[in-house]
Structures are given as C-alpha cells and as structure tokens.
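This report covers how the chains of one model are arranged and how they touch each other. The sequence and the structure come next, followed by the description.

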Amino acid sequence: MPHLVILYTGNLDAVTDMAALCRSLADTMLAVRDEADKPVFPPGGIRVLAYPAAHSAVADGGAAGLAAGQGGDYGFVYLNLRMARGRSAAVHADTGRRLEATAKAHFAPLLARQPVGVTLQIDEGPEVFDAKNSSLHPLFTAPPRSG
Amino acid sequence: MPHLVILYTGNLDAVTDMAALCRSLADTMLAVRDEADKPVFPPGGIRVLAYPAAHSAVADGGAAGLAAGQGGDYGFVYLNLRMARGRSAAVHADTGRRLEATAKAHFAPLLARQPVGVTLQIDEGPEVFDAKNSSLHPLFTAPPRSG
Amino acid sequence: MPHLVILYTGNLDAVTDMAALCRSLADTMLAVRDEADKPVFPPGGIRVLAYPAAHSAVADGGAAGLAAGQGGDYGFVYLNLRMARGRSAAVHADTGRRLEATAKAHFAPLLARQPVGVTLQIDEGPEVFDAKNSSLHPLFTAPPRSG
C-alpha cells in the first residue's frame, strides 16, 4: 500500500496523457510527509494503475451537452486511493488536497474544453487479511554502511 | 458519485452488448427517486464503466457445465454501485431492485443459454477524502431565469 | 461471492502467465474448508478476474532499480479477494495464507528476477444491497436422486 486506481471513460485516451498523469500522481505521493515530517508512503509501495473502460455510459448520454453547444462527448475520471489504516485525518486531508491539485492541473484544459467529471476519493483499506511479497521495497531501504 | 463499475469475463463481449447494458443502467439510475420524489442521483454524477477481464477463471473451469451438456464456457458479471453515504435503507433497496431488474432483463437470454453468474451489489462509499471537479454537473443545473 | 480481482502493471503479461495464475487461485479457493470441514466457497460463486493496467507508474519510476543493477522495469500485482461477511477470523487467515502461498509460488521466479511487488488483501463485502442471478450455481447443486 498505497495504491491509486484510475477508472475512466475510454474516450479520454485520445485527448489526455494518462501515463503522464500516473507519473505525476506517483511523484505527488512520494512527496507527502506527515506531522513528523516523515514520508507518508514508502516509495516501494507506491503504484498508480489506470484503466480505460471498454464500454461506458455517462449522465444523459450527451443531450444536455449538445444542447449547450459543448458537445455530447462526456468524459469521466474516477481516482481512488486506497491507503493503510491508522493515518490521521490531517494526513488524509493533506494527501487528498495534493493529489487533487495534481489531478486538477492535469485536467484543467480538458475541463474547460468538454464536459468532464473528475472525482478523487481516498479510502482506508478495510482488509481482514494482508500479505506482501516484494523485491521492490528493498531497493528503497538504506543498507547498513560498512566501515 | 454514484458510479457503477462492471467487471466481467472477457468471453461475454462476443455474446452480449455491454455498451447497451451500460446505457440501460445509467437510464435506470437517472429515474430513481427518493421518498420525497426527488432524484436520488444527480444526472451529472452518473457513470457506468464496464471492464472485460484480460484473464479469468470461473468455478471448476468448465467440467460441470460440459458434464451437464451446457458447455464449459462459463461467464461472470459483477456489477458494483458505489453511492454516497447517508441514503435510507429504502433507497438502497429500491435502487438495487431497479438495477437488478435492468440487469436481469438484459441477461435473461444469456442466463438461459449458458452457465453465467450475475451479481449486483451496492456499497456506500467509505471515503475519508472526497473532491470533485466537474464541467459536467453544470449542464444539469438549471440556470436562474432572466426577466 | 467470492471474487478475486487482480490489478497489475501491464508489463507483466510479457513475463508471467496470468491466465494460469487465475486458474491456480480459483483451484485454491475451491479447496478451502472451514472449521466444520465444509467448503468455504460455493464452486459456482468462485471467479478470478485479472486486469493489466493500460497505464501505470510504480515507485520512483525505475531509478533505484537501475542504480542497483536490477533494471528499472518495476512490476506490481494487487490481488483483492472480496468475500461475504460473517466468516471467522480463522477462515480469513487460512484463506489468505493459502492464496498467498499460491501467488508466492507463481511469482517466486519473477520476484527473484526483477523488482516486483505482490500484495494480497481480503475484504469482507460491506454491501447494503446484494442480488444474484445465476445459471452457474445450479451446476454444483446435487439434484435429488430418483428411485
């Protein structure tokens, strides 16, 4: 943990760079620090995965957008961060605001151009079982220095 | 919110129209009204996203279906609606029954033809942070009338 | 229920057989038994769905792996089992350990070869509405014997 999963309407791949957004969001997560100025997320646990839907339906399907002269090609992006339990409300809020700022900066031109909804939510994982196997984490653990 | 995410075995794209199902489910959500006869879901927040799995395994892999003369090509569809907290149990039940009726009508021929499982569940979002940016919502907000 | 959803970085499809993993995990679920030696999961409700991400970002993007001579092509796999409420903590733990063993056996060569993270979590479904329509379940229900 944490992971951020992005579910979105497939039409957006043609108009915005989702791979770049994934990287920006991962970088944002790398930079979040808690009240004690320690990183909130271990680098080796950060991952952002984005999924364009194969099929989708949004709102009224386009009628209102067409009537308003904004086109009927609606888009939708849902960003969901699942993080481990036990962080403070302040950390949740700070993490959320930072991720939202990154998403907002990324999508601002698109939001201005066509009808698009962008929702970001953070959940605390409610898991009843948790197991990790990783050859990634050790890369970010400082080895003891010799000498 | 709300959003409805459909996860399903990829073999079903060849035998049913998932895009049509997305539209039917969105229309169903548009029509749900609460105890005060107000729409439960804001039109600009309704989206249905469907994802065929790239890889999957269902039940015993086909043996029982073949033995029963129904073929071993099992299918599975999972429909999950995540809606905002705070709605009544009656609204949850009514929303669920309506969505189930739509899904049932869509899948009835398929259910009769091959072994398929269709599960619909509604969750109330447990989010600890929530942020929305939308150029979709304003399309459905009545502007103040001039004059 | 239950269902197991696998979200992973798309680069892994070239280096591991995700379809085989789906089958192994479904077989593992078929074999789990509770304190009374009854199957925990009904065969007709078992499904595993795997989704490679179209876009992703992991950790620092590769720098630490390259610096360590392990390559910068990180991978990530998230396995999430959602099961019905009401099972004992012992069943959760046993189910988790068995699924983890299957995943570990599958990914051991990969974990040794490149930086990869594998996380498995089990959630109890928090649904407020649940409906099932299935022509799969009846295949696994013993019919009454005639004579």
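Two strands count as paired if DSSP finds at least two bridges between them. Helices (H or I, at least four residues) and strands (E, at least two) are DSSP runs, numbered from the N terminus. The model is a predicted one, in which local features need pLDDT of at least 70 and side-chain atom pairs count only at pLDDT 80 or more, while totals for chains, interfaces and linings use all residues. Residues are numbered from 1 along each chain as its sequence is written, and chains are lettered from A and ligands numbered from 1 in the order in which they are written.

**Chain B against chain A**

Strand S3 of chain A (residues 55–58) is joined to S2(B) by four bridges, and the two strands run antiparallel. His55(A) has Ala50(B) as its bridge partner in S2(B).

Contact between residues is defined by C-beta atoms, placed from the backbone, that lie within 7 Å. On this basis, 35 residues from chain B and 36 residues from chain A take part. On the chain B side, strand S1 (3–9), helix H1 (18–31), strand S2 (47–53) and strand S6 (129–134) each supply at least two residues. H1(B) gives the most, with seven residues. Sorted by class, the chain B side has 22 nonpolar, eight polar and five charged residues. In this sorting, Ala, Val, Leu, Ile, Met, Phe, Trp, Tyr, Cys and Pro are nonpolar, Asp, Glu, Lys and Arg are charged, and the others, Gly among them, are polar.

**Chain C against chain A**

Here 35 residues of chain C are in contact with 35 residues of chain A. The elements of chain C that each supply at least two residues to this side are strand S1 (3–9), strand S2 (47–53), strand S3 (55–58), helix H2 (63–67), strand S4 (75–83), H3 and strand S5 (116–124). S5(C) gives the most, with nine residues. The chain C side has 20 nonpolar, 10 polar and five charged residues.

S5(C) is also joined to strand S6 of chain A (residues 129–134), through six bridges in an antiparallel arrangement. Within S5(C), Leu120(C) is the bridge partner of Ala131(A), and Gly117(C) is the bridge partner of Ser134(A).

**Relation of the copies**

Two copies of a chain are related by a rotation about an axis and a shift along it. Chain C is superposed on chain A by a rotation of 120 degrees with 0.0 Å of shift along the axis (RMSD 0.0 Å). The two copies are therefore related as by a three-fold rotation axis. The superposition is by least squares on the C-alpha atoms of residues with pLDDT of at least 70 in both copies. Among the residues of chain C, Tyr51(C) comes closest to the rotation axis, at 4.9 Å (C-alpha). The copies use different surfaces, since 3% of the contact residues of chain C recur in chain A.

**A sheet built from three chains**

An open sheet of six strands runs in the order S6(A)-S5(C)-S4(C)-S1(C)-S2(C)-S3(B), with mixed pairing. S6 of chain A and strand S3 (55–58) of chain B stand at the edges with a single partner strand each, so one side of each is left without a neighbour in the sheet. From one strand to the next, the twist averages 10 degrees. Angles run from 0 to 180 degrees between N-to-C directions, and axes are lines fitted to C-alpha atoms, for helices over the stretch in contact.

H1(C) packs on the sheet and touches S3 of chain B together with S1 and S2 of chain C, its direction making about 25 degrees with that of S3(B). H3(C) also packs on the sheet, touching S6 of chain A together with S4 and S5 of chain C, and its direction makes about 165 degrees with that of S5(C).

**Helix pairs**

Two packed helices are described by the angle between their axes and the distance between the axes.

| Helix pair | Angle | Axis distance |
|---|---|---|
| H1(B) and H3(B) | roughly 155 degrees | within 9 Å |
| H1(C) and H3(C) | about 155 degrees | 9 Å |

H1(C) is therefore roughly antiparallel to H3(C), a term for angles over 145 degrees. H1(C) passes H3(C) in a right-handed crossing, meaning that the near helix is turned clockwise from the far one by less than a right angle. Leu21(C), Ser24(C), Leu25(C) and Thr28(C) of H1(C) make the contact with Arg98(C), Leu99(C), Thr102(C) and His106(C) of H3(C). By class, this contact has three nonpolar, four polar and one charged residues.

Notes: Contact = placed C-beta atoms within 7 Å. Parallel < 35°, antiparallel > 145°, perpendicular 65-115°, else oblique.
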